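Dear colleague,

I am handing over the structure we spoke about, together with some notes on what turned up in it. Please have it open beside you as you read on.

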Amino acid sequence: MALLNNMKDSSSSSSSSSNPEPDFLPIGYRFSPSPAQFVKLFLFNWILSRQLPLNHIKYIKYLFQLDADQVPKGQSKYICEDEAFYFTEINPNEMLSIRTTKNGYWKTNGEEEEVIHGNNIVGFKTIWNFFWGRAPNGEISHWRIEEYRLHPSEIPADELSNSMMEKIGRCVACKIKNVEKEEEAYRFSMMETQTESDEMLESSESDYDENIGGN
C-alpha cells in the first residue's frame, strides 16, 4: 500500500499540529508519494521552511554531482531498497540538459511534464537518466532521477519575493530509482498476460472442436 491514502492534503497553511512519530507509517504502508503529493506536501513545505508531514526525505546539496552508485538508497524501512528521495539544489553552473559527475553524467531530453492537482498545475517533473562515461558517448545505466520543481503560483502572494523566486528555481525534490526491476516486472506481467491469453484461446478452440464434433 502506498503512502498518504489517509493524509491531509493541505499546503495552504503551516503544519502546526505536532507529529509524535514523524517517521512512522502504519503496517502495510510504504513511502511512495504521488507526484502531486511530493510537490504539495513536501517540496512546498521544504521551500517555505515549514514542518514536513513525514521525515523520509533527506537533503544532499548537489545531488546531480554524484554518480548513481554514490547516492545512498533504501534509507528507511518504508522505502524500497533501490529507491531514495532527496531535497537538493541545482548548481547554477550546471548545463541545462547534461549534468556531469566524476565518472559519468545525468542527461535529460529537456521535456517537462506538468504535475496536476485538481485543475491546477502545482509543479513540473523532469526525467534524468544516468550514463557512465563522457557525453555524448556514455553508456546508459538503469538509474533514473525524477526531478520535481514547484510552480510559483503555489507560493502565497505575500511571500513571493525575488529571493523566493530564486529559491524556487534552485531547490527541487528528487526520486532516484533503479528502473531495471520495473522493466523486469513489466516483462513478467506481459508474459503472464500472454500465457493467460494463449490458455484462453486454447480452451476456446477445444470447446469449439468439441461442439463441432458433437454435431
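Which residues form one aromatic cluster? In this model, which is predicted rather than experimental, the cluster is made up of F31, F38, F42, F85 and Y148.

A search of the whole structure for aromatic pairs finds 11. In one of these pairs, the ring centres of F38 and Y148 lie 5.2 Å apart with their planes at 75 degrees, so the pair counts as edge-to-face. This pair joins distant parts of the chain, since F38 belongs to helix α1 (residues 35–47) and Y148 to strand β7 (residues 139–150), 110 residues apart. Both F38 and Y148 are buried. The rings of F130 and W132, whose centres are 4.8 Å apart and whose planes stand at 90 degrees, likewise form an edge-to-face pair.

The charged end of K73 is placed over the ring of W143, 4.4 Å from its centre, and R99 lies over the face of F64, at 4.3 Å from the ring centre.

Turning to helix α1, 11 of its 13 residues are buried, so the helix is largely enclosed by the rest of the structure. The buried residues include F38 and F42, and also K40, Q37 and N45. What do the buried residues of α1 pack against? Their partners are β2 (83–89), β5 (113–117), β6 (120–132), β7, α2 (162–170) and β8 (171–178). After α1 comes S49, which has a positive phi, near 55 degrees.

Strand β2, one of those partners, is mostly covered, with seven of its seven residues buried. From this strand E83, F85, F87 and E89 point one way, while A84, Y86 and T88 point the other way, and all are buried. As for its pairing, β2 runs parallel to strand β1 (residues 58–59) over two bridges, and F87 in β2 is the bridge partner of Y59. With β8, β2 pairs in the antiparallel sense over seven bridges, and there A84 has I176 of β8 as its bridge partner.

With best wishes

Definitions and conventions: Residues are numbered from 1 along each chain as its sequence is written. This is a predicted model: local features need pLDDT of at least 70, side-chain atom pairs count only at pLDDT 80 or more; totals for chains, interfaces and linings use all residues. Side-chain values use heavy atoms; hydrogens and water are left out. Rings of Phe, Tyr and Trp (its six-membered ring) pair if their centres lie within 6.5 Å; planes under 30 degrees apart count as stacked, over 60 as edge-to-face and the rest as tilted. Helices (H or I, at least four residues) and strands (E, at least two) are DSSP runs, numbered from the N terminus. Buried means under 20% relative accessible area, exposed over 50%, partly exposed in between (1.4 Å probe, protein chains only). A charge sits over a ring if NZ of Lys or CZ of Arg is within 6 Å of the ring centre and within 35 degrees of the ring normal. Contact means heavy atoms within 4.5 Å. Two strands pair if DSSP finds at least two bridges between them.
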